[in-house]
Amino acid sequence: MGKRYYCDYCDRSFQDNLHNRKKHLNGVQHHRAKKAWFDNFRDAATVLNEERSKEPCRKFLQTGQCVFGTSCRFSHMSERHMKMLEQKIDDEKRQKEDPDQEGSSNERSIDEWLSRREKKLAALTSGRVLKIEEEECAENIEIPPYLLSIPDLPPSLHPPPTGGWRVTLHNEWG
């Protein structure tokens, strides 16, 4: 059967030869998929400037849908979304100007979290009972919020359930 070429942008595979690869890489579908991929990483300020320069899409405003989708030459962004994007840009600018502030003063750094975790584990393994502060009782899990905002986080990295893991004893095997 021969080698197969897999295109990450289009999520397609086909027989790998010069003709097929050149035909695919120059195709409209591949160019659209590649543009959509790189658009995911655009700067918020760039997106806002592009959306402001476009006129609003009448069909999208009336029905909430547009047959052209992402390739539409008109803007599908509402005023509310534009305001949210402006807020995001302002927050990013503030963080660049004052990186020590990090948005809110109650956020803890990952180093602080890891050091507290090591102390707790050391106390648990030595048999001592830890004195838990009142604020930590309210928060069963002390994971920094920016770690939880990562999309598609593997299940092994999600925090445990609030009641803990269910433990079932299997007395009989087989």
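**Entry 1**

I began at Phe41, which sits in the loop between helix H2 (28-39) and helix H3 (44-53). I kept in mind that this is a predicted model. Is Phe41 buried or exposed? Its relative accessible area is 55%, so Phe41 is exposed, the cut-off being over 50%.

**Entry 1: the charges around Asp39**

Next I looked up Asp39. Its side chain meets that of Lys35 in a salt bridge, 2.8 Å from N to O. Both residues lie in helix H2. They are four residues apart, about one turn of the helix. Asp39 also forms a salt bridge with Arg42, where the closest N and O atoms are 3.8 Å apart. Asp39 counts as partly exposed at 27%, and Arg42 is partly exposed at 30%.

I moved on to Glu51. Its side chain meets Lys54 in a salt bridge, 3.7 Å from N to O. Glu51 has 12% relative accessibility, so it counts as buried, the limit being under 20%. Lys54 is partly exposed, at 28%. My count of salt bridges came to seven.

**Entry 2: the cores**

Which residues make up the largest nonpolar core? I listed six: Ala44, Val47, Leu48, Met82, Leu85 and Ile89. H3 and helix H5 (79-97) are the elements that give two or more residues to this core. A second, separate core has five residues, among them Cys7, Cys10, Phe14 and Ala33. A general note for myself: in soluble globular proteins, nonpolar side chains tend to be buried together. Then I checked Val47 for contacts, leaving out residues up to four places away in sequence. Val47 touches Arg42, Met77 and Leu85.

**Entry 3: the whole chain**

Last, I stepped back. I found eight helices and two strands. Along the sequence the pattern reads β-β-α-α-α-α-α-α-α-α. The chain has 174 residues, and 15% of them count as buried. Its accessible surface comes to about 15400 Å². Carbon and sulfur atoms hold 53% of that surface. I also looked at contacts between residues at least 6 apart in sequence. Of these, 36% join residues at least 24 apart.

Terms used. Residues numbered from 1 in each chain as written. Predicted model: local features only at pLDDT ≥ 70, side-chain atom pairs only at ≥ 80, totals over all residues. Heavy atoms only, no water. Buried < 20%, exposed > 50% of the residue type's maximum accessible area, 1.4 Å probe, protein only. Core = buried A, V, L, I, M, F, W, Y, C linked by side-chain atoms within 4.5 Å. Contact = heavy atoms within 4.5 Å. Areas by Shrake-Rupley, 256 points an atom, 1.4 Å probe, with all protein chains shown as cover. Salt bridge = Lys/Arg side-chain N within 4 Å of Asp/Glu carboxyl O.
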